[in-house]
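Please look over the sequence and the structure below before reading on.

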Amino acid sequence: MHASRALYENGVWAMFSSLDKRVLQFKPGVLMNAELCEEILDRFDAAMPRARALMGRSSVSSNRGRAA
């Protein structure tokens, strides 16, 4: 969910596979040109630090709820 959210915040729509929730799918148009492909890859690269941050906050929150 974190990667999907971070990508969406960077203007890239991706969804999880219904067969395997570990797989995030991009469904670009068949007629996508090279410039748009590069832009999407740049946005993907920009989104990954945000996804890592979201995952870090999520694991800290879940660890707080556990008994020591």
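The text starts with the basis of the model and then moves from the fold to the side chains.

This is a predicted model, in which local features need pLDDT of at least 70 and side-chain atom pairs count only at pLDDT 80 or more, while totals for chains, interfaces and linings use all residues. Residues are numbered from 1 along each chain as its sequence is written, and side-chain values use heavy atoms, with hydrogens and water left out.

The protein has two helices and two strands, and from the N terminus the order of elements is α-β-β-α. Helices (H or I, at least four residues) and strands (E, at least two) are DSSP runs, numbered from the N terminus. Of the 68 residues, 15% are buried; buried means under 20% relative accessible area, exposed over 50%, and partly exposed in between, with a 1.4 Å probe and protein chains only. Strand β1 covers residues 15–16 and contains M15, which is partly exposed at 28%. The C-alpha atoms of M15 and S4 are 6.7 Å apart, although eleven residues separate the two along the chain.

Side chains of opposite charge can pair when their charged atoms come close. A salt bridge here is a side-chain nitrogen of Lys or Arg within 4 Å of a carboxyl oxygen of Asp or Glu, and the model has four of them. In one of these, R5 meets E9 with the closest N and O atoms 3.1 Å apart; both residues lie in helix α1 (residues 2–9), four residues apart, or about one turn of the helix. E9 also forms a salt bridge with R50, at 2.7 Å from N to O. Because R50 lies in helix α2 and E9 in helix α1, this pair ties together parts that are 41 residues apart in sequence.

F26 is in the loop between β2 (24–25) and α2 (34–64) and F44 is in helix α2, 18 residues apart.
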